[in-house]
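Visitor: Could you walk me through this model, one question at a time?

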Amino acid sequence: MIPAVRAATSDDRELLGRLVDFYFHDFSEFDGRDVEADGSYHYPWLDAYWTDADRRAYLFDVEGHPAGFALVRLTDPIELAEFFVLRKYRRAGVGLAAAREVIARHPGQWLIGQIPGNEPATAFWRRAIPVPFEERGLADGHVEQRFTTARD
């Protein structure tokens, strides 16, 4: 399956919010987060992806269906803030293709991090990063990869 990766627009705000809830639901396995009183997971920076010049939101579609998202911060280094693929599309190449596309859109120095205990994410990023990278484990259990991509 080949995903279409596109920049999210303000019309996608509600869709992205729903996908973020799915993401944090899956992520609660690792961080223990609870839902808010209204049954959602609150992501305080979501609106900033439409107002801050240094943030980019991307949606992934497969055959016209939402399949995931990436949230990128154009800082120094560039940071992958959040990355998610719906379970249906996992292990089908969707995440790998989407990750590489997002990375290719922003040449430069990158930082991708994983929280303690999220070994599946660490294994994924070791495969997905398209260039040699430096990986280190932090004292608090976080893992991060640093790498640089060049313009084509």
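Guide: Here follow some questions and answers on the fold, its helices and a few individual residues.

This is a predicted model, in which local features need pLDDT of at least 70 and side-chain atom pairs count only at pLDDT 80 or more, while totals for chains, interfaces and linings use all residues. Residues are numbered from 1 along each chain as its sequence is written, and side-chain values use heavy atoms, with hydrogens and water left out.

Visitor: What pattern does the protein chain follow along the sequence?

Guide: Helices (H or I, at least four residues) and strands (E, at least two) are DSSP runs, numbered from the N terminus. Read along the sequence, they give β-α-β-β-β-α-β-α-β-β.

Visitor: What is the radius of gyration of the protein chain?

Guide: The radius is taken over C-alpha atoms, and the globule rule is 2.2 Å times the number of residues to the power 0.38. For 152 residues that rule gives 15 Å, and the chain comes close to it, so it is as compact as a globular protein of that length. The C-alpha trace spans about 40 × 35 × 35 Å along its principal axes. The radius of gyration itself is 15 Å.

Visitor: How much of the protein chain counts as buried?

Guide: Buried means under 20% relative accessible area, exposed over 50%, and partly exposed in between (1.4 Å probe, protein chains only). Of the 152 residues, the buried share is 43%.

Visitor: Which elements do the buried residues of α3 pack against?

Guide: In α3 (residues 119–128), the buried residues are A121, T122, F124, W125 and A128. They cover an arc of only 160° around the axis (taken from the directions from the helix axis to the C-beta atoms), which puts them on the same side of α3. On the other side, E119, P120 and R127 are exposed. The buried residues pack against β4 (78–85), α2, β5, β6 (134–137) and β7 (143–149).

Visitor: How wide an arc do the buried residues of α2 cover?

Guide: The buried residues of α2 are V94, G95, A98, A99, V102 and I103. They lie on the same side of α2, because their arc around the axis is only 150°.

Visitor: Is H106 buried or exposed, and which residues does it touch?

Guide: H106 sits in the loop between α2 (94–104) and β5 (108–114). Its relative accessibility is 11%, so H106 counts as buried. Contact means heavy atoms within 4.5 Å. Not counting residues up to four places away in sequence, H106 touches R56, Y58, V72, L74, I78 and T149.

Visitor: Which residues is H65 in contact with?

Guide: H65 belongs to strand β3 (residues 65–73), and it counts as partly exposed because its relative accessibility is 47%. Leaving aside neighbours within four places in sequence, H65 is in contact with F60 and Y89.

Visitor: Which residues does a cis peptide bond join?

Guide: Most residues other than glycine have a negative phi, and most peptide bonds are trans. Here P77 lies in the loop between β3 and β4. With omega of about 5°, the cis bond joins D76 and P77.

Visitor: What is phi of E63, and what is phi of R91?

Guide: E63 lies in the loop between β2 (55–62) and β3, and at 75% relative accessibility it counts as exposed. R91 lies in the loop between β4 and α2 and is exposed, with a relative accessible area of 83%. Each has a positive value in a residue other than glycine. Phi is near 50° for E63 and near 65° for R91.
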